[in-house]
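Here is a protein chain to explore. Look at the whole first, then at a few residues.

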Amino acid sequence: MLQQSTFKTGQTLNIERTLNTMRQLKTFVTGCLSIALLLASSVVARAEQKPLVVVSFAGYEALRGDVDFLGKSADYPELVQSLDGIVAMFTQMQGLQGLDKTKPWGYVLTAEEGGFPQFGFLPVTNLDKLLGALVGMVGQPQDVGDGVKSVTVNGMPIFLKPKGKLVFVASNSDDLNKVPEDPMAWLGNLPKEYDLAVQANVQNVPPQLRQMFMDQIKLGLQQGLKKGDDESDEQFKARGKLAEEQMAQLDRVANELEQVTVGYSLSPEKKNATIDLVLTAVSGSSLAKELAAQPNTGASKFAGFLTSDVLANGHWNAVSSEESRKQSAATFESLRQSAEQSIDASDELSDEEKPDVKELVGELIAVAKATAEKGLANGGFVITGEGPFTIVAGGAVAEGNRLDKAIRKAVARAKKKGKLGDDVEISLDDEEYKGIKFHTLDAPWPESDDDDTAEQIEELLGDEINIVVGVSDNAVYFALGEDGSDAIKKVIDGSASAPSPKLPAQVTVALTPILDYLADQDEDNKQLAQIAKELDEFGKDKINLTVDYVPNGQRVRYELQEGVLRAIGLGAKAAQQRGQ
């Protein structure tokens, strides 16, 4: 329960705002674009053509370079030759004649008065040569007039029209009459930054479609706000208020979100692969201020979580905006009422126990709420060991002493009422380290009818439950697993000397110890053991997630280092060899 509170406190920081916004914008953008496509025949009040969605592909030469890099990384250098063979097969050994392999391609869904034209475009130096090489796939091209040619792909007609150094492609020939002079301008820097990217321009979605979608969301919320049979008037009112605030937040996102970009890039120079999610808001809007770096973010007090040679770790340090603090307060209030409702409905707690549990949960949520209201967003986590593992999490809190008192009170009541078994050992003030009071709990794992599951839990976390809670007035730590106290001390010492990270949030996972552990659990899988061994020798085995600021927004980046790509390739080869 304390672990949940600790993590919930951390999630009210910058990374939670990003993820919440991502969920809201995903619903909004997907709905708006779906409606736009369904209403393509309707009249839209747009004076000029504007891109709703653009797709950027860096070009064939970039693709071939990526395949070559992947093949070499996975110890499969002939992979690029396989690509060449595929191209040769589909072009009757002619290759992609007439295609400019160095230039990017694009696709655009637009909005204009009267509809939603959509088309693709690619760089072609000689269209006749290119279609001649592809005749086996598309058949003989037909001239349909006005410089437009028609081919058939899987029974569907496709229309092509050269214009300048580009050939435009569409499934509707009328859309080719509406192509712009320079569609590459709509791609911006996407071809330079990403091998493949999709960008949604939210503010170009016609206002009436946005409003239509919002009305549908509101209707759905109203229909879902029915009072439950076991729900009190207070709980129903709080849930309704939270729904109204969420609706207001969604309205704000719809009106203030500028762009959503998802981009993928494989870099032979950096020897990694990255996937970005970039959110930008309208300049000067409240959403832009919320996503942007807050001016009073101080140095991290928990940089010690970013230690090396561990299975995984994470760190965050940001200050929540005023708007986010208000939303968090409402969320925690709704959480408190939901928790009380669940406790009341529980069959595992007696009527005598329920008030005590409610009080403890209420105190934990109150501390988390106070932390969120102050905008404290600094903490981290780390997973150490080779199996069993030790998990440590912690961060800044407001009213930490209140949390300490709640723990002591709950333990005292449990002891007084005889709720602790003889095999459960709780030690309050087990020790104090640099102002942090440690409380410990040791107990056997609950009995399970599933022996395999019980064995796996013990292999992951040890033969018994070992919990350490470290508390001060402004910080809390939680450890699960063996040697929890030592692990917390290591974080405390590291935080005192490590430089403050510049990124607002980051998470790193090392693949080698995961594969080593899995190989130990499956001794018969020789291929897995070999992949783990090769990755251990090769290194560069990290999967990194980072959150960073961009003008008027944020970027969430996933990075796979070269060793991870190598492991994926080796795994694919092993599966292929097994005939899977």
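In this protein chain, 68% of the contacts with a separation of 6 or more join residues 24 or more positions apart. Contact means heavy atoms within 4.5 Å. The model is predicted: local features need pLDDT of at least 70, side-chain atom pairs count only at pLDDT 80 or more, and totals for chains, interfaces and linings use all residues. Residues are numbered from 1 along each chain as its sequence is written, and side-chain values use heavy atoms, without hydrogens and water.

**The whole chain**

The chain has 19 helices and 20 strands. Helices (H or I, at least four residues) and strands (E, at least two) are DSSP runs, numbered from the N terminus. Along the principal axes, the C-alpha atoms fill a box of roughly 90 × 60 × 45 Å. Of the 580 residues, 46% are buried. Buried means under 20% relative accessible area, exposed means over 50%, and partly exposed lies in between (1.4 Å probe, protein chains only). The chain exposes about 29,300 Å², and carbon and sulfur atoms supply 52% of that area. Accessible areas come from the Shrake-Rupley method with a 1.4 Å probe; for residues, only the protein chains shown count as cover.

**Salt bridges**

Side chains of opposite charge can pair when their charged atoms come close. A salt bridge is a side-chain nitrogen of Lys or Arg within 4 Å of a carboxyl oxygen of Asp or Glu. By this rule the count is 25. The table shows examples.

| Pair | Closest N and O atoms |
|---|---|
| Arg 413 and Asp 356 | 2.8 Å |
| Glu 431 and Lys 489 | 2.9 Å |

Take the salt bridge of Arg 413 with Asp 356. Arg 413 sits in helix α14 (residues 400–416) and Asp 356 in helix α13 (residues 354–373), so the pair ties together parts 57 residues apart in sequence. Arg 413 is partly exposed, at 26% relative accessibility. Both residues also belong to a network of salt bridges that links Asp 356, Glu 359, Lys 409 and Arg 413.

Next comes the salt bridge of Glu 431 with Lys 489. Glu 431 lies in strand β14 (residues 425–433) and Lys 489 in helix α16 (residues 484–497), so this pair ties together parts 58 residues apart in sequence. Glu 431 is partly exposed at 26% relative accessibility. Lys 489 is buried at 17%.

In the last pair, Asp 541 is buried, with a relative accessible area of 8%. Lys 542 is partly exposed, at 29%.

Strand β19 (residues 542–550) holds Asn 544. Is Asn 544 buried or exposed? Asn 544 is buried, because its relative accessible area is 13%. Its side chain makes a polar contact with the side chain of Thr 508 (2.9 Å). A polar contact is a pair of N or O atoms within 3.5 Å; within protein, one must be able to donate a hydrogen and the other to accept it, and residues adjacent in sequence count only if both atoms are side-chain atoms. Leaving aside neighbours within four places in sequence, Asn 544 is in contact with residues including Val 507, Arg 557 and Tyr 558.

Val 262 lies in strand β9 (residues 257–267). Val 262 is partly exposed, at 43% relative accessible area.
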